[in-house]
Amino acid sequence: MSGQERRAPSAADIEGHARATLASLPAAFARHLGDVVLIVEELADDETLAALGIDDPFELTGLYHGRPIGEKSAFDSGTPPDRIHLYRRAILDEWVADGEDLATLVRHIVIHEVGHHFGLSDDDMHRLEAE
């Protein structure tokens, strides 16, 4: 390391990788993501974990909050914007454990959450990844 200290990637670093991923998506998908808010937090809060039945906050690296675009209606005014939450410390734990490139890991998580925005289930996405 030649005397340089290494630092853990910051929330801004994670967000930068996430925004680069969103910017790289084909236009057909990107045009449906303009109103989705990207939020990077340290860990999921207790309320979110309880709602998902998750005990360990390090098990949740990302989460989509919102209604898939196929379920939206013109009568949805007043609802909060759709959001993609990324959980920095859980992402870093997975990054260290798996040894995968951080940008690749964040890309995978973001694309997974974008899949939920388009109405895909976890099973749908696992099936697509396996193909």
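In helix 1, Ile14, His17, Ala18, Thr21, Leu22 and Ser24 meet Leu102, Ala103, Val106, Arg107, Val110, Ile111 and Val114 of helix 5, where contact means heavy atoms within 4.5 Å. This is a predicted model, in which local features need pLDDT of at least 70, side-chain atom pairs count only at pLDDT 80 or more, and totals for chains, interfaces and linings use all residues. Residues are numbered from 1 along each chain as its sequence is written, and side-chain values use heavy atoms, with hydrogens and water left out.

**How helix 1 and helix 5 pack**

- The axes of helix 1 and helix 5 lie 9 Å apart, at an angle of about 60 degrees (lines fitted to C-alpha atoms over the stretch in contact, with angles from 0 to 180 degrees between N-to-C directions).

**The nonpolar cores**

- The largest nonpolar core has 17 residues, and Ile14, Ile84, Leu86, Ile91 and Val106 have the most contacts inside it (a core is a set of buried Ala, Val, Leu, Ile, Met, Phe, Trp, Tyr and Cys residues joined through side-chain atoms within 4.5 Å; buried means under 20% relative accessible area with a 1.4 Å probe, protein chains only).
- Helix 1 (11-24), strand 3 (83-87), helix 4 (88-98) and helix 5 (102-117) each give two or more residues to this core.
- Helix 5 gives the most, with 6 residues.
- Apart from this core lies another, of 7 residues, including Leu49, Ile54, Tyr87 and Ala90.

Conventions. Buried means under 20% relative accessible area, exposed over 50%, partly exposed in between (1.4 Å probe, protein chains only). Helices (H or I, at least four residues) and strands (E, at least two) are DSSP runs, numbered from the N terminus.
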